[in-house]
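Keep the 3D view open while you read.

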Amino acid sequence: MGVYVAFAYFEFRETGDWVLPIIGLPERVHLLSRPTLGTALTFAILLAALLGVLVHLLVFRPLRRSSALARVVAALGLMLYLQEIVRLRFPVSGAAVVAHRPVLPDAPVRVFGTAVTENRLLLAAFAIVVAAALTAVFRFTRFGLATRAAEGNEKGALLLGIAPDRLAGVCWAIASVLAGLAVILIEPIAGLSPTTSLLVIPALAAAMIASLHSFALATIAGLAIGMAQSLLLGWAVRPDTHVIPGWLPTTGLQQLIPAIVIIVVLIRNGDALPDRSAVASRRLPPSPRPRHVTPWTIGLVAVVSIALVTVGAGYRHALIVSMIFGLLALSVVVLTGYSGQISLAQLAFAGVAGFAAIRLTEHHIPFPIALVLASVLATIIGVLVGWPATRVRGMSLAIATLALAVAIEGLVLASTALSNGQAGSAAPRPYLFGIDVGIGAAGDANFRPAFGFLCLGVLTLACLAVANLRRNRTGLRWLAVRANERAAAAAGIDVTRAKLGAFAVSSFLAGLCGVLMAFSVTTLSPTSFVVIGSLVAVAMTYLAGVSSVGGALLAGVLAQSGILVTTINEASGSDSSRSVFAISGLALILAAIWAPEGITGLVRARLTRPAAASTPPTAPITAAAIPDGTTAPAGES
Amino acid sequence: MSRTANHIANNTANNAADRTGRRRRIAVVAMIATAAIMALSATACSESGSQESSSTTLPSTCAPTALLDCARQSVLAPYTPASATVATGTPISLGMINQENTVAGSFPELSLAVKAGIEFINKEMGGVKGRPLSLEVCNTEFSAEGSTNCAQKFVQQKVPAVLGGIDVFGNGIDTLAQNGIPYVGGIPVSSQSFSAPNSFQWSGGSQSAAVAFAWYAAEQLHAKKVSIVYGEFGSIAASAEMGRKVLDDRGVSVQMVPYPVMSTDLSPAINAAASSGPDAIFILAADSGCKGGFDGIASLGIEVASFYVGACAAPGIISQVDASRTNGAYFNVEGPIMGDPPIPDNQLYSGVISKYGNGLDPVGAGTVTFRALMNLYAILEQINGDITPAAITAALEATVDAPNFAGHPYTCNHRQFEGLPAVCSPQQILARIEDRKLSQITDWIDVGAIYKG
């Protein structure tokens with residue numbers, strides 16, 4: 001949001017045009033012929049406030065009662081949409097680029113013998129002033145008091161005549177204005193592009209240190225993290241100091257500081273972290289008991305087998321990609337759909353397993369053994385990453401796993417020893433019991449069906465195992481934990497074990513996906529495992545249906561370069577239209593709000609509704625009896 | 001305060017998730033941009049030098065009616081017909097792999113420039129011996145699978161050659177190599193594009209830049225200490241190492257200062273670099289880091305020879321920095337700088353783009369792919385007999401000092417630049433900027449020979 005506001009500001013400052021953020025409306029409206037610094041800043045502030053209120057009303061207010069996952073998905077959708085708007089409507093190259101006139105002066109000044117530019121000092125001062133102002137507002141004004149009252153007890157505040165929703169809207173506006181101003185002011189230092197990297201992770205670390213309560217503490221922590229990063233670089237590169245050993249990746253270490261801070265704070269604070277925006281308890285979509293497993297399995301395996309030997313190379317590749325992505329989606333189903341945990345590190349697990357499998361087969365370990373060993377390695381890392389899950393949940397868990405995913409990416413995946421760095425590694429040809437199951441071949445024979453059958457076999461076994469898991473005691477325990485941790489614990493379920501178990505199974509599946517990926521490409525590059533991929537995997541699985549095996553398979557079909565996209569591209573003869581990301585962003589937001597059960601959930605509802613209407617429900621299937629006699633409110637409705 | 005806190009928390013958390021992904025991708029995109037604009041700077045700089053706020057019309061362009069006159073002055077002279085000739089024979093299909101319309105960046109100018117060039121060849125140059133060229137552009141969608149898909153599609157269409165655009169992954173090059181199809185030109189960023197046996201490149205990347213800087217600093221400026229500030233990522237980090245080797249060979253002491261490639265505030269890194277009192281600083285930044293480099297050096301108030309990749313001389317960057325901060329900075333370029341008299345290849349390029357480019361801005365990375373198309377066109381014209389992947393590969397590998405469109409004559413014998421066998425013309429020129437005007441200060445620097453030592 002801040003990025004859009006900043007782009008709009010600079011465009012307005014130069015041309016007086018307001019570039020609209022809504023697809024379908026005209027691109028720009030001319031407002032002023034000679035904008036000044038004052039009018040432009042006023043414009044930016046009003047725009048940011050409006051945007052903040054709109055996002056609150058249209059996206060996050062309807063999601064108050066939804067799961068943290070739904071909000072993550074909606075936020076991802078919003079990000080995709082706004083990023084695409086910026087990319088489509090603000091030129092970044094060529095003659096149409098507008099100059100970015102800095103707001104603050106940037107002449108050098110000397111402080112304690114070191115030269116810095118004025119804008120840095122002014123920016124720091126600005127941050128401190130804003131923090132002081134916010135503190136004052138929230139301490140001394142009626143609005144601040146009301147907001148804090150609503151925080152303390154929402155229902156009580158409601159009874160006192162305070163409207164928490166309106167306050168939330170105002171807070172959204174303030175946050176949005178601050179974000180916009182921050183991006184505008186920091187532009188001379190940090191630059192601005194559709195993919196502008198705000199240092200949001202360090203910012204978040206700072207906010208975490210302040211427990212999301214104290215503006216002053218957050219400001220101090222933010223400045224401190226920045227200083228620590230600079231000092232670290234200084235120590236690392238000065239030839240006369242040896243504080244940091246040379247073999248450690250310097251820049252990876254800098255990135256790691258905020259990640260470590262976030263995790264330490266999360267674990268130390270445990271579940272004390274505020275997560276109170278929801279009015280009622282949030283439920284994940286129902287997880288139906290798998291039915292008709294045998295006919296589905298036989299049918300799908302038969303269809304895919306026939307397809308593998310009959311269709312052309314392009315569709316064969318699409319099938320293989322869909323099957324591999326299906327495994328990743330399956331890992332999301334196990335973790336999120338069955339046990340209610342969120343992980344944004346799934347693709348990082350896959351990456352570790354993929355490169356590990358390449359290294360193992362290079363050392364002449366047979367392919368099937370490497371497949372299992374590498375997936376076990378992913379499992380170990382998955383359990384370690386899942387450790388914070390025993391202390392935190394929901395959005396905080398998502399953040400913790402995200403920070404760890406970044407750490408894995410920066411320190412493990414990018415390491416030359418494992419992945420050979422950016423150049424990537426090529427996997428040796430895999431053999432299964434002496435049969436060549438490699439994917440590559442010359443000409444039309446490329447993407448050999450043998451590799452497709454390997455993927456089909458692995459995916460089928462994984463799906464059967466997951467379906468079975470849902471039906472046996474372990475799965476029921478996870479569902480119980482998902483529905484209500486305290487109730488589950490009271491019923492004698494070891495919550496920690498259940499959560500770590502889910503992380504283990506899920507990361508093993510992600511590991512399988514990573515290994516198959518490694519052997520399906522000519523060269524495996526760490527870029528294939530950037531953290532955005534994990535987000536997309538979670539979002540796609542959510543869209544398809546996060547709580548059933550069918551959802552995972554459908555997510556595979558929807559995957560990039562998968563069956564659906566390939567079919568559409570072949571049919572239209574070109575690749576997807578210009579606005580496809582903006583539209584898929586909107587689809588994600590809509591799904592988060594109106595269809596938390598995903599596409600498979602909608603289909604199932606349609607299929608079962610006539611039956612439910614004709615015959616009255618015999619017994620509520622909301623409670624599943626666990627063999628040891630307790631009842632798990634597993635959310636099966 | 002719960003509302004604020006919570007909403008800020010949620011908002012920040014979500015954005016954090018998104019932005020981490022973005023930051024990684026920026027790294028990639030930024031790296032690409034560096035390589036891209038480096039090669040274009042020859043044309044771009046000419047413009048920035050001559051007129052500050054230029055529009056798309058260049059002073060030194062060809063008139064739309066006189067493109068063939070320009071072509072007769074250019075390296076295409078041997079293939080230029082006496083009058084405009086439309087190609088009517090069986091089309092020769094070419095493929096192109098590019099990254100367009102993705103969240104990680106879109107580079108349509110690379111294919112648009114090639115399309116404009118093909119239209120010119122088909123409508124005025126009479127095609128390749130009367131046969132028109134046709135082009136299919138395939139989008140990698142920023143994934144290894146997409147890259148492979150594109151290559152496989154072209155394998156099945158049996159195209160004789162595939163032009164490069166931008167492809168960070170390079171898996172498509174592997175697939176083309178399995179089928180013996182040459183991958184020609186583009187912005188080399190993947191390791192395959194630099195080293196695959198079927199890849200032929202006319203841009204030396206940041207590697208060539210670093211070697212040229214090192215040679216100039218050691219041999220011409222007689223520097224004793226050099227600091228190399230570089231984005232710690234892929235080919236940029238490799239370039240820094242190559243620069244270090246050249247300096248080491250000449251007894252210059254080197255301080256290496258990596259910074260996270262996604263960061264645009266280079267002050268801490270430059271501060272660290274300046275601490276050893278160097279005679280020269282190399283800033284191997286992605287283009288997003290250029291401004292940070294200029295500002296960083298200026299804010300330190302130190303007088304030191306500073307070297308930047310050609311990307312940093314792009315008009316869009318230079319115009320945003322106070323002229324006093326860029327004065328005296330060194331850049332690498334991959335073609336002679338347009339001056340007086342104008343260079344025919346560059347004139348032809350801007351003429352073709354303004355006539356056939358559908359409004360494409362000639363200042364941009366399109367120069368790189370346009371150059372590859374014109375070099376491939378010359379090769380196709382030289383082939384007697386069937387145009388097959390093998391014939392094109394053989395013709396390219398047989399080149400010795402062949403005329404290069406707007407660049408140093410090239411030799412594709414896989415031995416021009418040690419470790420980067422695909423590079424046919426790694427030679428660089430250094431230029432210096434004064435009052436936002438770039439002027440050439442060296443002749444061609446034979447980077448390959450210098451690096452070999």
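## Helices side by side

In chain A, the axes of α12(A) and helix α23 (residues 563-572) come within 8 Å and cross at roughly 155°. That makes α12(A) roughly antiparallel to α23(A). Before going on, some ground rules: this is a predicted model, where local features need pLDDT of at least 70 and side-chain atom pairs count only at pLDDT 80 or more, while totals for chains, interfaces and linings use all residues. Residues are numbered from 1 along each chain as its sequence is written, chains are lettered from A and ligands numbered from 1 in the order in which they are written, and side-chain values use heavy atoms, leaving out hydrogens and water.

Helices (H or I, at least four residues) and strands (E, at least two) are DSSP runs, numbered from the N terminus. Axes are lines fitted to C-alpha atoms, for helices over the stretch in contact, and angles run from 0 to 180 degrees between N-to-C directions. Angles under 35 degrees count as roughly parallel, over 145 as roughly antiparallel, 65 to 115 as roughly perpendicular and the rest as oblique.

Which residues of α12(A) and α23(A) meet? On the α12(A) side they are A:G314, A:Y315, A:A318, A:L319 and A:S322, and on the α23(A) side A:I563, A:T566, A:T567 and A:E570. Contact, by the way, means heavy atoms within 4.5 Å.

Helix α12 (residues 313-338) of chain A also has helix α17 (residues 449-471) of chain A as a partner: their axes come within 10 Å and cross at roughly 20°. These two are therefore roughly parallel to each other. The contact includes A:I320, A:L327 and A:V334 of α12(A), and A:L456, A:L459 and A:V466 of α17(A).

Another pair in chain A is helix α3 (residues 68-89) and helix α21 (residues 531-544), which pack at an angle of about 115° with their axes 10 Å apart. Among the residues that meet are A:V73 and A:L76 in α3(A), and A:L535 and A:A539 in α21(A).

Here is what each contact is made of, by class (Ala, Val, Leu, Ile, Met, Phe, Trp, Tyr, Cys and Pro count as nonpolar, Asp, Glu, Lys and Arg as charged, and the others, Gly among them, as polar).

| Helix pair | Nonpolar | Polar | Charged |
|---|---|---|---|
| α12(A) and α17(A) | 17 residues | two residues | two residues |
| α12(A) and α23(A) | four residues | four residues | one residue |

## Over to chain B

Chain B has 16 helices and 14 strands. Of its 453 residues, 70% are buried (under 20% relative accessible area, with exposed over 50% and partly exposed in between, using a 1.4 Å probe and protein chains only).

Have a look at strand β9 (residues 305-308) of chain B: B:A305 and B:F307 point one way, B:S306 and B:Y308 the other way, and all are buried. Strand β8 (residues 280-284) of chain B runs parallel to β9(B), joined by four bridges. There, B:A280 has B:A305 as its bridge partner. β9(B) also pairs with strand β10 (residues 330-333) of chain B, in the parallel sense over two bridges. (Two strands pair if DSSP finds at least two bridges between them.) In β10(B), B:F331 is the bridge partner of B:Y308.

Finally, is B:E124 buried or exposed? B:E124 is buried, with a relative accessible area of 7%. This residue lies in the loop between α3 (108-123) and β2 (133-139) of chain B. Leaving aside neighbours within four places in sequence, B:E124 is in contact with residues including B:L67, B:P81, B:K355 and B:Y356.
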